[in-house]
Amino acid sequence: MEGVRSSCWIVVALAAACARTVPVPDCGGPARSGALQLPLRRAGACLVDAGGAPVWLHGEAAWSLVVQLDDAELDRYLADRRARGVNALVVNLIEHRFADHAPRDRAGDPPFTVPGDFATSGDAYFAHVDRVLARTAAAGMVVLLAPAYLGDRGGDEGWYAEIRRNGPDKLRGYGRYLGARYRSAPSVVWLEGGDAPPMAAGDEIEALVAGIRDADPVHLHAAHSARYRSALDDYDRPWLDLNTTYSDCEGHGRQLWRDAHRRRTVPTMFIEGTYEGEQASLACTISQAYRTLLSGAAGHAFGNKPIWLFGPGWPEALDSPGSRAMQHLAGLIAAHDLRGLTPDFPGAPGGDGLASARAHSGAVLVLVDAGPRALELPAAAAPRHAAWFDPATGATTDAGRAAAGAPLALTAPPGGPWLLIVEDAP
């Protein structure tokens with residue numbers, strides 16, 4: 001969530017050089033999108049809902065939601081996002097800078113009755129948080145909730161200085177307070193860190209997590225590190241249940257490839273890239289989301305300014321081009337069996353500007369940055385049908401058929417990006 005949220009995809013070339021198979025876990029049935037059955041839990045390297053079904057987190061950055069919105073605005077926001085398939089939000093529990101009256105909420109209530117003292121939690125403030133979490137749960141949305149956002153390089157965007165001044169004992173007490181208060185709130189996933197590695201606050205972060213877990217052994221823990229870093233780089237601790245990838249328009253392909261190929265003992269989601277409204281073109285916004293899907297990850301979080309900080313113009317931004325593209329992605333995931341998407345599969349189309357994956361169902365997806373572009377897929381045992389999907393509009397165009405035992409050769413239309421969908425013919 002840096003003050004200004006600051007591609008070629010080289011997965012195929014790198015995969016050919018390394019000759020490795022991506023260790024994608026088998027999570028059972030098709031991943032669910034849309035409203036979630038809460039709380040979430042981890043089954044090995046799989047992220048599953050309360051019924052044990054694997055899930056896709058179709059997320060959005062809503063960092064300042066707790067402090068910027070009143071109840072009516074919150075209901076408006078949640079209704080719009082739920083209708084567009086959003087089921088996960090990234091939110092600061094306490095906001096240090098990005099709000100009209102930070103750290104106070106819209107009603108003027110502070111999180112701490114003594115400024116910056118984590119041992120003096122304000123009941124009125126956290127009663128408002130109670131209502132926010134109840135509303136997100138009713139909407140079937142999980143909240144990746146940052147209890148003590150550190151801030152980029154430990155600066156004044158976050159609470160790093162106060163965390164260091166408070167020390168481990170107060171942070172453990174704060175954690176116990178949060179754990180006891182929210183252990184029954186089904187929508188919570190705790191999000192440690194925040195735009196930074198622990199730096200010199202490692203003891204305080206460990207104490208905070210231990211305090212939460214003292215009272216709340218139920219909810220999962222993720223972590224959010226610095227750009228170009230993943231949670232496993234800086235928060236590889238026994239409590240980490242969900243790895244997160246953090247990158248930008250230029251680097252997301254490389255970092256998603258790296259996280260797809262590293263040890264898969266915990267699920268991974270793409271938590272932040274370059275935001276719409278902060279230098280991200282629509283093509284970049286689409287690429288970050290679709291390359292996350294094709295990497296075999298468990299979810300992706302879209303970001304838009306002014307939505308992430310709920311600044312002027314946020315209601316109009318709810319229907320931004322990026323928001324519409326993410327709605328089309330949610331519909332795509334709901335309409336197809338994409339369980340076990342595996343990149344780098346044998347015979348995957350190669351070259352810059354492409355990303356490919358194959359599902360356990362046999363469906364093949366190929367993201368093409370720009371057309372026209374000639375592609376060829378190897379022969380398959382069953383007849384196949386191909387279609388071009390436009391991520392920006394959600395429109396689908398027939399791309400032809402291939403008989404059993406025949407390769408499939410076709411050319412992407414001009415423009416793009418395009419998603420090629422190849423499935424067994426009915």
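**Questions on a predicted chain**

Biologist: Is F310 buried or exposed?
Modeller: In this predicted model, local features need pLDDT of at least 70 and side-chain atom pairs count only at pLDDT 80 or more, while totals for chains, interfaces and linings use all residues. Residues are numbered from 1 along each chain as its sequence is written, and side-chain values use heavy atoms, with hydrogens and water left out. Under 20% relative accessible area a residue counts as buried, over 50% as exposed and in between as partly exposed, with a 1.4 Å probe and protein chains only. The relative accessible area of F310 is 4%, so this residue is buried.

Biologist: Where is F310 found, and what is its phi?
Modeller: Helices (H or I, at least four residues) and strands (E, at least two) are DSSP runs numbered from the N terminus, and F310 is found in the loop between β10 (299-302) and α10 (314-317). Although F310 is a residue other than glycine, its phi takes a positive value, near 50 degrees.

Biologist: Which residues is F310 in contact with, leaving aside its neighbours within four places in sequence?
Modeller: F310 and W63 are 247 residues apart in sequence, yet their C-alpha atoms are 8.5 Å apart in space. With contact taken as heavy atoms within 4.5 Å, and with neighbours within four places in sequence left aside, F310 touches A62, S64, L65, Q68, L69 and Y77.

Biologist: What kind of aromatic pair do the rings of F98 and W308 form?
Modeller: The structure holds 13 aromatic pairs, where rings of Phe, Tyr and Trp (its six-membered ring) pair if their centres lie within 6.5 Å, and planes under 30 degrees apart count as stacked, over 60 as edge-to-face and the rest as tilted. The ring centres of F98 and W308 are 5.0 Å apart and their planes lie at 70 degrees, so the pair is edge-to-face.

Biologist: How many residues apart in sequence are the parts that the pair of F98 and W308 ties together?
Modeller: Both partners are buried, F98 with a relative accessible area of 10% and W308 with one of 0%. Because F98 lies in the loop between β4 (88-92) and α4 (123-138) and W308 in the loop between β10 and α10, the pair ties together parts whose separation in sequence is 210 residues.

Biologist: Why does the pair of F112 and Y174 tie together separate parts, and how many residues apart are they in sequence?
Modeller: F112 and Y174 form an edge-to-face aromatic pair, at 5.8 Å centre to centre and with 65 degrees between the planes. F112 lies in the loop between β4 and α4 whereas Y174 lies in helix α5 (residues 160-182), so the parts tied together have a separation in sequence of 62 residues.

Biologist: Which residues do ring pairs link into a cluster with F112?
Modeller: F112 is buried, at a relative accessible area of 4%, and Y174, at 0% relative accessibility, counts as buried. Ring pairs join F112 into a cluster with F118, W159 and Y174.

Biologist: What is the relative accessible area of Y228?
Modeller: Y228, in the loop between β7 (221-224) and α7 (231-234), is a residue other than glycine with a positive phi, near 70 degrees. Y228 counts as partly exposed, because its relative accessible area is 47%.

Biologist: Which residues is A363 in contact with, leaving aside its neighbours within four places in sequence?
Modeller: A363 lies in the loop between β12 (354-358) and β13 (364-368) and is buried, with a relative accessible area of 3%. Leaving aside neighbours within four places in sequence, its contacts are D337, A357, R358, V422 and E423.

Biologist: What is the radius of gyration of the chain?
Modeller: The chain has 11 helices and 18 strands, and of its 426 residues 58% count as buried. The radius is taken over C-alpha atoms, and the globule rule is 2.2 Å times the number of residues to the power 0.38. For 426 residues a compact globule would come near 22 Å, which agrees with the value for the chain, 21 Å.
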